[in-house]
Amino acid sequence: MSTHVLPLPLALDPELRERLERIAQAAGRSVSELAGAVLRDFIDENDRQLAAIDAGIAEADAGELLDFEEVRADMHKKMSALSPKR
C-alpha cells in the first residue's frame, strides 16, 4: 500500500458531515482520517463480495452446482436445531 495520500474532495450533506465530525471527535481522529478508514473498509468489503461472486460464477460454469432439495433439507435441519424445543 502506498504511503502517499491523495486529497479527495467530498461533497457531504450538512447532516452527514455533522455526524462524521461527531464520530471523528469521539474517536480522537480527524474527519479525513475517519472518512478514509470508512472508505477503505467499504472498498475492502466490496472487493471480498466481488471475489465471492466471481468464484461462485466459476464454480457454476464448471458444473459445481448444489441440488436444491439437498440445500433445502440441510437448511431445514439447521433451522430446526435452532428452534426452541416445545
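Of the 86 residues of the protein chain, 6% are classed as buried (under 20% relative accessible area, with exposed meaning over 50% and partly exposed in between; 1.4 Å probe, protein chains only). The structure is a predicted model, in which local features need pLDDT of at least 70, side-chain atom pairs count only at pLDDT 80 or more, and totals for chains, interfaces and linings use all residues. Residues are numbered from 1 along each chain as its sequence is written, and side-chain values use heavy atoms, without hydrogens and water.

The protein chain contains three helices and zero strands, arranged along the sequence as α-α-α (DSSP runs of H or I with at least four residues for helices, and of E with at least two for strands, numbered from the N terminus). Its radius of gyration is 22 Å, whereas a compact globule of 86 residues would have a value near 12 Å (taken over C-alpha atoms; the globule rule is 2.2 Å times the number of residues to the power 0.38). Along the principal axes, the C-alpha atoms fill a box of roughly 50 × 45 × 25 Å.

Helix H3 spans residues 68-82 and includes Leu82. This residue, Leu82, has a relative accessible area of 69% and is therefore exposed.
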